[in-house]
Amino acid sequence: MTDIEIKTGITDAECEHLDKLITNGNFEVGPNLLKLGIKPGEVRNTLLLKGVDWDVIEYLRSQAETAHKSQTEIINEIIHEKIAVGV
């Protein structure tokens, strides 16, 4: 294994491909997560959807943490409740 493979877990060819893709492609940088209030290590626990209000994301995160469920499970429950009452 090369130093790059040991450090990154991907091959030299994969690194080169990613470098070309980012350098020459239509790669768009995503949002600055720190400016959105997301601390390092919290990305796994944060639902990132375009156009969702920040207060909705905070609500989902707090409900998921309180109920020990994923944010997806919380969304499913809310939608199923709405469907059940015919809204």
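**Exercise 1. Locate His 68 in the chain and decide whether it is buried or exposed.**

Step 1. His 68 sits in the loop that links helix 3 (54-67) to helix 4 (71-84), where helices (H or I, at least four residues) and strands (E, at least two) are DSSP runs numbered from the N terminus. The model is a predicted one, in which local features need pLDDT of at least 70 and side-chain atom pairs count only at pLDDT 80 or more, while totals for chains, interfaces and linings use all residues. Residues are numbered from 1 along each chain as its sequence is written, and side-chain values use heavy atoms, with hydrogens and water left out.

Step 2. The backbone of His 68 has a positive phi of about 55 degrees, although His 68 is not a glycine.

Step 3. With a relative accessible area of 74%, His 68 is exposed; buried means under 20% relative accessible area, exposed over 50%, and partly exposed in between (1.4 Å probe, protein chains only).

**Exercise 2. Work out what the secondary structure of the protein chain comes to, and what share of its residues is buried.**

Step 1. The protein chain has four helices and zero strands, which reads along the sequence as α-α-α-α.

Step 2. Of the 87 residues in the protein chain, 10% are buried.

Step 3. Among contacts with a separation of 6 or more in the protein chain, 10% come from residues 24 or more positions apart, a contact being heavy atoms within 4.5 Å.

**Exercise 3. Find how many salt bridges there are, and describe the partners in each.**

Step 1. A salt bridge is a side-chain nitrogen of Lys or Arg within 4 Å of a carboxyl oxygen of Asp or Glu, and the count by this rule comes to three. Side chains of opposite charge can pair when their charged atoms come close.

Step 2. Glu 16 is bridged to Lys 20, with the closest N and O atoms 3.4 Å apart. Both residues lie in helix 2 (residues 12-24), four residues apart, which is about one turn of the helix. Glu 16 is partly exposed at 47% relative accessibility, and Lys 20 is likewise partly exposed, at 48%.

Step 3. Arg 61 and Glu 58 meet through their side chains in a salt bridge of 2.3 Å, N to O. They are separated by about one helical turn because they stand three residues apart in helix 3. Arg 61 is buried, at a relative accessible area of 15%, whereas Glu 58 is partly exposed at 31%.

Step 4. Lys 69 forms a salt bridge with Glu 77, and here the closest N and O atoms are 2.3 Å apart. Lys 69 is partly exposed, with a relative accessible area of 34%, and Glu 77 is partly exposed at 33%.

**Exercise 4. Identify which residues make the nonpolar surface patch, and which helix supplies the largest share of the patch.**

Step 1. Patches are made of residues with over 30% relative accessible area and no salt bridge, like charges being joined within 9 Å and nonpolar side chains (Val, Leu, Ile, Met, Phe, Trp, Tyr) within 5 Å. Tyr 59, Ile 75, Ile 78, Ile 79 and Ile 83 make a nonpolar patch of about 430 Å², with accessible areas taken from the Shrake-Rupley method with a 1.4 Å probe and, for residues, only the protein chains shown counting as cover.

Step 2. Helix 4 gives the largest share of the nonpolar patch, namely four residues. Tyr 59 belongs to helix 3 and counts as partly exposed, at 43% relative accessibility.
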